[in-house]
Amino acid sequence: MRGILPWLAVLAVVLLLSALRLRALATAVSIGWLVWCAWTWFRPTRRTPRP
């Protein structure tokens with residue numbers, strides 16, 4: 001359940017901004033969230049030095 005809370009929070013923010021007719025800001029939040037998720041998914045793994 002903890003894994004879905006950030007997604008629900010972002011969805012609530014986007015819906016609120018859209019309802020307040022701040023659709024450009026809602027779009028920016030959505031794209032920013034998508035970029036952050038893609039970065040955390042595809043970022044290079046840190047390689048630990050081998051002993």
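Here is a short tour of a helix pair and its core.

This is a predicted model, in which local features need pLDDT of at least 70, side-chain atom pairs count only at pLDDT 80 or more, and totals for chains, interfaces and linings use all residues. Residues are numbered from 1 along each chain as its sequence is written, and side-chain values use heavy atoms, with hydrogens and water left out.

**Stop 1: the pair.** Select residues 5-19, helix H1, and residues 23-42, helix H2: they pack at an angle of about 160°, with axes 7 Å apart. Helices here are DSSP runs (H or I, at least four residues). H1 and H2 are therefore roughly antiparallel (an angle over 145 degrees between N-to-C directions, on a scale from 0 to 180).

**Stop 2: the contact.** Now show the side chains where H1 meets H2 (contact means heavy atoms within 4.5 Å). On H1, pick Pro6, Trp7, Val10, Val13, Val14, Leu17 and Ser18; on H2, pick Arg23, Leu25, Ala26, Val29, Ser30, Trp33 and Cys37.

**Stop 3: the core.** Which residues make up the largest nonpolar core? Select Val10, Val14, Leu17, Ala26, Trp33 and Cys37, six residues in all. Such a core is a set of buried Ala, Val, Leu, Ile, Met, Phe, Trp, Tyr and Cys residues joined through side-chain atoms within 4.5 Å, where buried means under 20% relative accessible area (1.4 Å probe, protein chains only). H1 and H2 each supply at least two residues of this core.

**Stop 4: Trp7.** Finish on Trp7 in helix H1. Leaving aside residues up to four places away in sequence, Trp7 touches Trp33 and Cys37. The C-alpha atoms of Trp7 and Trp33 are separated by 9.0 Å.

Definitions and conventions. Angles under 35 degrees count as roughly parallel, over 145 as roughly antiparallel, 65 to 115 as roughly perpendicular and the rest as oblique. Buried means under 20% relative accessible area, exposed over 50%, partly exposed in between (1.4 Å probe, protein chains only).
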